[in-house]
Every structure is written in structure tokens, then in C-alpha cells.
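Please find below my notes on the model. They are set out as numbered points.

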Amino acid sequence: MSIQARAKRAPPDWLPPMAQAEWRRVVVAADDQTDPLLLERHAIAYATWREAEAELATTGRVIVLRDDKGNVKAAAPSPWVAISDKARAELTATSARLGL
């Protein structure tokens with residue numbers, strides 16, 4: 001597929017901006033047989049992973065629950081840890097299928 005033809009494979013409008021950017025990066029390496037749904041899955045996984053990691057960088061990997069007096073009641077992993085892990089697994093899988 002020519003570079004011009006690849007350029008015409010614009011990302012879906014509904015993808016968030018970071019996912020659209022990843023789509024544009026990956027579509028250059030994709031051939032004309034590449035499933036667009038696979039590209040979408042990859043782009044969404046990438047954007048989700050980046051969002052989760054940004055949240056973890058800001059809020060931390062552990063949530064501390066306190067009572068009314070400020071005493072620590074419990075600590076638990078941030079939900080963003082699981083989101084990041086799942087997105088990273090999907091990213092790894094889609095990257096392999098796309099030959100990245």
C-alpha cells in the first residue's frame with residue numbers, strides 16, 4: 001500500500017485524540033489487509049494505558065482509606081493499576097498481531 005493510500009486511512013472520528021495519534025503512527029506500518037478493528041483496539045489500548053499511567057503518576061498506586069479521625073483503616077491498590085495492567089496486556093497482544 002502506498003503512503004498516500006495509508007494516509008487516506010484516517011482514524012475514526014470517535015477515537016480520543018491520543019488514540020487517533022497512535023492510529024496514525026501505526027497505520028503507516030500496516031498493510032491493506034490489516035483489520036481496522038484491530039487498529040482501533042490497539043489505539044484504544046494505547047490511549048487507555050497512557051491515561052492510566054498519567055493518573056497513577058498523579059495519584060499514586062495505593063489508596064489509603066481513613067476514618068473520620070484520620071486513622072488509617074486500610075490501603076488498597078488504585079483501580080488505575082488494574083486498568084493499566086489490562087490495557088498493557090491488550091496493547092502487547094495487538095502489537096504482536098500488528099507486527100510491531
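1. Basis. This is a predicted model, in which local features need pLDDT of at least 70 and side-chain atom pairs count only at pLDDT 80 or more, while totals for chains, interfaces and linings use all residues. Residues are numbered from 1 along each chain as its sequence is written, and side-chain values use heavy atoms, with hydrogens and water left out.

2. Salt bridges. Searching the whole structure gives three salt bridges, a salt bridge being a side-chain nitrogen of Lys or Arg within 4 Å of a carboxyl oxygen of Asp or Glu. Helices here are DSSP runs of H or I with at least four residues, strands are runs of E with at least two, and both are numbered from the N terminus.

3. Arg25 and Glu22. These side chains meet in a salt bridge with an N to O distance of 2.8 Å. Arg25 and Glu22 are three residues apart in helix α2, so about one helical turn separates them. Buried means under 20% relative accessible area, exposed over 50%, and partly exposed in between (1.4 Å probe, protein chains only).

4. Glu90 and Arg41. The closest N and O atoms in the salt bridge of Glu90 with Arg41 are 2.6 Å apart. Because Glu90 lies in helix α4 (residues 79–98) and Arg41 in helix α3, the pair ties together parts that are 49 residues apart in sequence. Glu90 is partly exposed at 27% relative accessibility, and Arg41 is partly exposed with a relative accessible area of 37%.

5. Arg88 and Asp85. A salt bridge joins Arg88 to Asp85, with 2.6 Å between the closest N and O atoms. Both residues belong to helix α4 and stand three residues apart, about one turn of the helix. Arg88 counts as partly exposed at 36% relative accessibility, as does Asp85, with a relative accessible area of 34%.

6. Glu40. Which side chain of opposite charge is nearest to Glu40? Glu40, in helix α3, is buried yet has no salt bridge, and the nearest such side chain is that of Arg41, 9.0 Å away. Apart from neighbours within four places in sequence, Glu40 is in contact with Pro12, Trp14 and Trp23, contact meaning heavy atoms within 4.5 Å.

7. His42. This residue also lies in helix α3 and is buried, with a relative accessible area of 1%. Leaving out neighbours within four places in sequence, the contacts of His42 include Glu22 and Arg25, and also Leu91, Thr94, Ser95 and Leu98. The C-alpha atoms of His42 and Ala19 are separated by 8.3 Å, the two residues being 23 apart along the chain.

8. Thr34. The loop between α2 (17–27) and α3 (36–59) holds Thr34. Thr34 is buried, with a relative accessible area of 14%. Residues up to four places away in sequence aside, Thr34 touches Arg9, Leu39 and Leu98.

9. Strand pair. Strand β1 (residues 62–66) pairs with β2 in the antiparallel sense over five bridges; pairing requires that DSSP finds at least two bridges between the strands. Ile63 has Ala76 as its bridge partner in β2, and Arg66 has Val72. The hairpin of β1 and β2 has five residues between the strands, and there Gly70 takes a positive phi near 90 degrees.

10. Cover of the strands. How many of the six residues of strand β2 are buried? The count is zero for β2 (residues 72–77), which is hardly covered. Val62, Val64 and Val72 form a nonpolar patch on the surface, with about 250 Å² of accessible area together; Val62 is in strand β1. Patches consist of residues with over 30% relative accessible area and no salt bridge, like charges being joined within 9 Å and nonpolar side chains (Val, Leu, Ile, Met, Phe, Trp, Tyr) within 5 Å. Accessible areas come from the Shrake-Rupley method with a 1.4 Å probe, and for residues only the protein chains shown count as cover.

Methods. Lys and Arg count as positive and Asp and Glu as negative; His and the chain ends are not counted.
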